[in-house]
Amino acid sequence: MDIFDKIDETQGGSLGRYQHLAHGYFAFPKLEGEIGPHMRFRGKDVLNWSLNNYLGLANLPEVRKADADAAKQWGLAYPMGARMMSGHTSLHEKLEDELAAFMQKEDAFLLNFGYQAMISIIDTMCSRFDVIVYDSECHACIMDGIFMHKAKGGKSFVYPHNDIDNCRKKLQMAKAYIEREQRGGGIMVVTEGVFGMAGDLGALDKIAALKDEIDFRLLVDDAHGFGTMGATGRGTAEYLGVMDKIDLAFGTFAKSMAGIGAFIASSEKVVNYLRYNMRSQIFAKSLPMAMVEGALVRLDLIRTRPELRENLWNIARTLQDGLRKNGFDLGTTQSPVTPVYFKCSEIDDEEASINEALNMVIDLRENYGIFCSIVKYPVVPRGTVMLRIIPTAAHTMQDVEYTLDVFCQLKQKLADGVYAKQSPNVFANVK
């Protein structure tokens, strides 16, 4: 059998089988213009609710200037080589020191990419004798790290999302397994600070309290919480009052900092172990200097411009309160992430149900000029469509008011069966 044959047999894979409908519109869309709430999509102006630019840093003049000046001074190649060999600089160290101080940890390690880094952190910290206990809703990067752990013979237990009683049970099972195997293994609990799809928080305070019963280490991916949550933007652990209980605190620059890169903060001993053992960093080129200098400026803005975070929360709360007042289901979000759940018509045919959801989003984009992400089954239950809104500090109250009005119209059209009645070929008109 030719290894390429599976492409035909799976119709392009779990997502790829929809590419004939989705490519260029629902998947791989091109948003053009200056990064911000108002951009262009397929030649039309749209109100954009689909960027993780939480604090609006991407187009702040001081950020753009820092990026441009650094690129002019250093270019995009410097430093050349992996950090361990030839790509280490004093500015990389400075950023690590400032991140560690901000996160109230002894040390921090600068990482090239968030997704890659989380996989590698799990792989490096957990030997095949260790056991991982993790939340069922963890991000794909965490799951891929756990898959690597399993591939080398490691054991893992999953608990239902934020179910602390079940988490305790799985910790007890992990402890029993380690005692039975007698190979010197330990336990790592992995969860998220803010779950990026539903917007709810990981139960970090309740998980940390379980340390009084069972010995384990806690790794938290706070990609969506870093910069947005807590009194000073230190993240979800600060918001829940358990910063000192998090053993490994992970954050990314791709969300609130509107950049590239990530970090892991912990004790000096742990960070040094990662520095000398994380294969994804040892064998990868160093983060370019322009990114490092840009991150230093962005971190300083998080520390010194609390009004950016306040603006974000003003927009998010006004939007969420308005949606709830108008009867929309936002699930259990406790963060700026705003999922809006719509019940589709009673359609047994899954293809027809997908078509109804697509027609609604086409209407939203083409006729109302609002761009946000669409999520369907299996991420959400059958018969449900989620429109995921990401508020930012750069949005305005006028943006919120317009969006509330439009979403009310969408809900009524959906209830009236307008989108279910439309031709399955309506998408062809906008391709």
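## Salt bridges and a nonpolar surface patch

K44 is partly exposed, with a relative accessible area of 40%. The structure described here is a predicted model. The partner of K44 is E366, with which its side chain meets in a salt bridge at an N to O distance of 3.0 Å. This pair links distant parts of the chain, since K44 belongs to strand β3 (residues 44-48) and E366 to helix α14 (residues 350-366), 322 residues apart. E366 counts as buried, its relative accessibility being 19%. That assignment follows because buried means under 20% relative accessible area.

In total, the model contains 20 salt bridges. In general, side chains of opposite charge can pair when their charged atoms come close.

| Pair | N to O distance |
|---|---|
| D123 and K152 | 3.0 Å |
| R303 and D300 | 3.4 Å |

What separates D123 and K152 in sequence, and where does each residue lie? The two side chains meet in a salt bridge of 3.0 Å, N to O. D123 is located in helix α5 (residues 114-125), whereas K152 occupies the loop between α6 (140-151) and β6 (155-159), so the bridge ties together parts that are 29 residues apart in sequence. K152 is partly exposed, at a relative accessible area of 30%.

The pair formed by R303 and D300 lies within one helix, α12 (residues 289-304). Their closest N and O atoms are 3.4 Å apart. Because the two residues are three positions apart in that helix, about one helical turn separates them. Are R303 and D300 buried or partly exposed? R303 is partly exposed, with a relative accessible area of 35%, and D300 is likewise partly exposed, at 34%.

Shared partners also connect salt bridges to one another: R83, E96, D107 and R275 are joined in this way into one network.

Turning from charged to nonpolar side chains, which residues make the nonpolar surface patch of about 350 Å²? The patch is made by I3, F4 and I7. One of these residues, I3, is placed in the segment before α1 (5-9). I3 is exposed, its relative accessible area being 59%. This label applies because exposed means over 50% relative accessible area.

Terms used
Residues are numbered from 1 along each chain as its sequence is written. This is a predicted model: local features need pLDDT of at least 70, side-chain atom pairs count only at pLDDT 80 or more; totals for chains, interfaces and linings use all residues. Side-chain values use heavy atoms; hydrogens and water are left out. A salt bridge is a side-chain nitrogen of Lys or Arg within 4 Å of a carboxyl oxygen of Asp or Glu. Helices (H or I, at least four residues) and strands (E, at least two) are DSSP runs, numbered from the N terminus. Buried means under 20% relative accessible area, exposed over 50%, partly exposed in between (1.4 Å probe, protein chains only). Patches are made of residues with over 30% relative accessible area and no salt bridge: like charges are joined within 9 Å, nonpolar side chains (Val, Leu, Ile, Met, Phe, Trp, Tyr) within 5 Å. Accessible areas come from the Shrake-Rupley method with a 1.4 Å probe; for residues, only the protein chains shown count as cover.
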